[in-house]
Amino acid sequence: MITTARIGLIAVFVALGLFFTFVSATGVIRLPDVFSRAHTASQADTLGAGFALAAVALTIGWGPTAVKTVLLLFFIFVTNPTAAHAIARAAYEEGVEPWTRGDERR
Amino acid sequence: MSSDRLDGDTNGIARQRPMYTESQVIMTTVKAVIPFVLTYGLFITFHGTSSPGGGFQGGALVASVVLMIAFAFGIESTREWLSNSLVVGLGTVGVAIFAGIALVPMALGENFLDYTAYYPVLGDTLGLKEYEFVKYGMEAVEIGGIAFIVSGVLMGLFFALAAGVTPPSGTASDAAEASDSDGETDVDDGETAGDTATEAGENE
């Protein structure tokens, strides 16, 4: 019973991680400018990697490796948005203007 | 839009950048993350012989700590804080340790990098078996050699890149000098990188 629930949860986490990673990749290809691409690369990718790592931690079970995986999860949650913030900030300071409706893709 | 700005730059003078202002978000994250990254880099370095990792990866992580500090608190202030001789010295000391460990066995009549040559000399003093010298010798090369070289060269390259590319008028002589020193070792690259970094820093 518990094993079934665990396997089901792992499957759900992997599926969610795949979904968010796919959304992130689509956004990086399809969105028009630096700011929106940085936004999708950080937000959706944080969730994608987060769910994938949670699935990994569940698969491994309780132990040192699972603790390392959770630490990795924590650091991805901290550093990924900061990286996106740094990219967007650098682009803004360089004078890149945000895309508005009607502009060309950049 | 942006191509106009780029066209304006082609007169050979570096574009005036706005004054760098620190970001509270980046500074806080870097402060929180740096101790873990440094510990992880040393962990990777020390475990190079018995598990995945090694001097190269660990040295790169240690250098990335300096890169993060530079990104968060300003590159120029980091360059002043981390003296140029320290960056160059890391690479130089690394090569010296590597060459020392590698060449002493040759002086003792064995092959280059043959760690077992240390056994007759140091075996009783350190109380180690012959096969343990292979492990600890490799460890010494990883830690004292490769990790130092990689971290020093990466920091030097970063500061050289951050100082900016020299204007087209100066590149001809620079390129000639660079091609002269092509056949030399990594440390020399680090040294020239550091030197250009200071020169460019003084120009500003």
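What pLDDT does chain B average, and how many of the residues score at least 70? I looked this up before anything else, since the model is predicted. The average for chain B is 76, and 71% of the residues score at least 70.

Residues 1-13 have a pLDDT below 50. Beyond near neighbours in sequence, I found 8 contacts for this stretch in the model. I then checked residues 175-204 of chain B, where pLDDT also stays under 50. The model has 38 contacts beyond four places in sequence for residues 175-204. I noted a caution: where pLDDT is low, predicted coordinates should not be read in detail.

I counted secondary structure. Chain A has 3 helices and 0 strands, so I wrote its pattern as α-α-α. Chain B has 9 helices and 0 strands. Its pattern along the sequence is α-α-α-α-α-α-α-α-α.

I looked at burial. In chain A, 18% of the 106 residues count as buried. In chain B, 27% of the 204 residues do.

I looked at contacts with a separation of 6 or more. Residues 24 or more positions apart account for 68% of them in chain A. For chain B the figure is 73%.

**Entry: UniProt spans**

For chain A, an unreviewed entry places "transmembrane region" at residues 49-78. I checked this span in the model: it is 90% helix and 0% strand. Its end C-alpha atoms are 13 Å apart.

For chain B, the unreviewed UniProt entry places "transmembrane region" at residues 25-44, 56-75, 87-108 and 143-163. I checked two of these. Residues 87-108 are 95% helix and 0% strand, with end C-alpha atoms 33 Å apart. Residues 143-163 are 95% helix and 0% strand, and their end C-alpha atoms lie 29 Å apart.

**Entry: H2 of chain B**

I followed H2(B), residues 24-46. This helix has 23 residues. From first C-alpha to last it reaches 34 Å, close to the 33 Å expected at 1.5 Å a residue. Where is the kink in H2(B)? I found it at B:Val33, shortly before the proline B:Pro35. The angle is about 40°.

I listed the buried residues of H2(B): B:Thr29, B:Val30, B:Gly41, B:Ile44 and B:Thr45. An α-helix has 3.6 residues a turn, so residues three or four places apart point the same way. B:Gly41, B:Ile44 and B:Thr45 are among those buried. What covers the buried residues of H2(B)? The cover includes helix H3 (64-93) of chain A. It also includes helix H3 (55-73) and helix H7 (130-162) of chain B.

**Entry: contact between the chains**

I counted the residues that meet. 11 residues of chain A are in contact with 11 residues of chain B. On the chain A side, 4 are nonpolar, 4 are polar and 3 are charged.

I stopped at B:Ser50, in the loop between H2 and H3 of chain B. Is B:Ser50 buried or exposed? I counted 10 other C-beta atoms within 10 Å, so B:Ser50 is exposed. The cut-off for exposed is 12 or fewer. I also looked at B:Lys135, which is 85 residues away from B:Ser50 along the chain. Their C-alpha atoms are separated by 8.7 Å.

**Entry: H5 of chain B and what follows**

I moved to H5(B), residues 84-107. This helix has 24 residues and reaches 34 Å, close to the 34 Å expected at 1.5 Å a residue. Which residues of H5(B) are buried? I noted B:Val87, B:Val88, B:Leu90, B:Gly91, B:Gly94 and B:Phe98.

Just after H5(B), B:Gly109 takes a positive phi of about 90°. I then looked in the loop between H5 and helix H6 (119-126) of chain B, where B:Leu113 is found. B:Leu113 has a positive phi of about 60° although it is not a glycine. Most residues other than glycine have a negative phi. I flagged B:Leu113 for its phi. B:Leu113 has 16 C-beta neighbours inside 10 Å, so it counts as partly exposed.

Notes. Residues numbered from 1 in each chain as written. Chains lettered and ligands numbered in written order. Predicted model: local features only at pLDDT ≥ 70, side-chain atom pairs only at ≥ 80, totals over all residues. UniProt positions renumbered as here; feature names shortened; annotations may be inferred. Helix = DSSP H or I, 4+ residues; strand = E, 2+ residues; numbered from the N terminus. Buried ≥ 20, exposed ≤ 12 C-beta atoms within 10 Å, placed from the backbone. Contact = placed C-beta atoms within 7 Å. Expected span 1.5 Å × (residues − 1). pLDDT = per-residue confidence, 0-100. Bend = angle between axes of the 7 residues up to and from the residue. Nonpolar A, V, L, I, M, F, W, Y, C, P; charged D, E, K, R; others polar.
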